[in-house]
Structures are given as structure tokens and as C-alpha cells.
Amino acid sequence: MTRRMQFLMSRHKCPACGSPRRESSAGSSVARFECGAVFALDNGVIAVRTVCPARCERAARLWNDQTRERAL
Ligand SMILES: [Zn+2]
């Protein structure tokens, strides 16, 4: 196992939002997190397969709160 794969496999939380890692099958070089973020080794380089959506979801909630219609 390469150093980068060992590193990737030892990540237990999403680096962007802290969500826990999902169980992954043995021998997999893909790291999936509960928030939906996915990292994988592509040609020996750690790459993002799916970006963490947590901050964008939080932004959408904030924007909805900021633009809520208020009763007069
Ligand atoms: Zn995340």
C-alpha cells in the first residue's frame, strides 16, 4: 500500500465538515464520508470525487432564513 493510500485510508472525518467516515470495503482506495464527500486515489494522487456539500447546504439554509417573508 502506498503512503498516500495509507494516509487516505486513515482519515476518519471529512476534512471540510467533520462528518464521520462511512464503512468502506476492504482493499478499496475510496474514502466516503457521511456528508457525501468522496476522495479517491487516481493514478497515485489523492483526488476529490464528490465535494463536501455541507457548507453549501448551510448557505442555502441561511439564505432562506435571511429572505423569509415576514408577516407585517
Ligand atoms: Zn463533509
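**Strand pairing and an open helix**

In the predicted model, Arg 32 stands opposite Val 38 in strand E2. The model is a prediction, in which local features need pLDDT of at least 70 and side-chain atom pairs count only at pLDDT 80 or more, whereas totals for chains, interfaces and linings use all residues. Residues are numbered from 1 along each chain as its sequence is written.

Strand E2 covers residues 38-42 and is joined to E1 by 3 bridges, the two strands running antiparallel. Strands (E, at least two residues) and helices (H or I, at least four) are DSSP runs, numbered from the N terminus. In total, 3 strands form an open sheet in the order E1-E2-E3, with antiparallel pairing; two strands pair if DSSP finds at least two bridges between them. Strand E1 (30-32) and strand E3 (45-50) each have a single partner strand and stand at the edges, so one side of each is left without a neighbour in the sheet. From one strand to the next, the twist averages 25° (axes are lines fitted to C-alpha atoms, and angles run from 0 to 180 degrees between N-to-C directions).

The loop between E3 and H2 contains Val 51. This residue counts as partly exposed because it has 14 C-beta neighbours inside 10 Å (buried residues have 20 or more other C-beta atoms within 10 Å of their own, exposed ones 12 or fewer, and partly exposed ones a number in between, with C-beta atoms placed from the backbone). Val 51 and Thr 67 are 16 residues apart in sequence, and their C-alpha atoms are 26 Å apart in space.

Helix H2 comprises residues 54-66, and its 13 residues should span 18 Å at 1.5 Å a residue, in agreement with the 18 Å between its end C-alpha atoms; the expected span is 1.5 Å times one less than the number of residues. Of these 13 residues, the number buried is 0, so H2 lies largely in the open.
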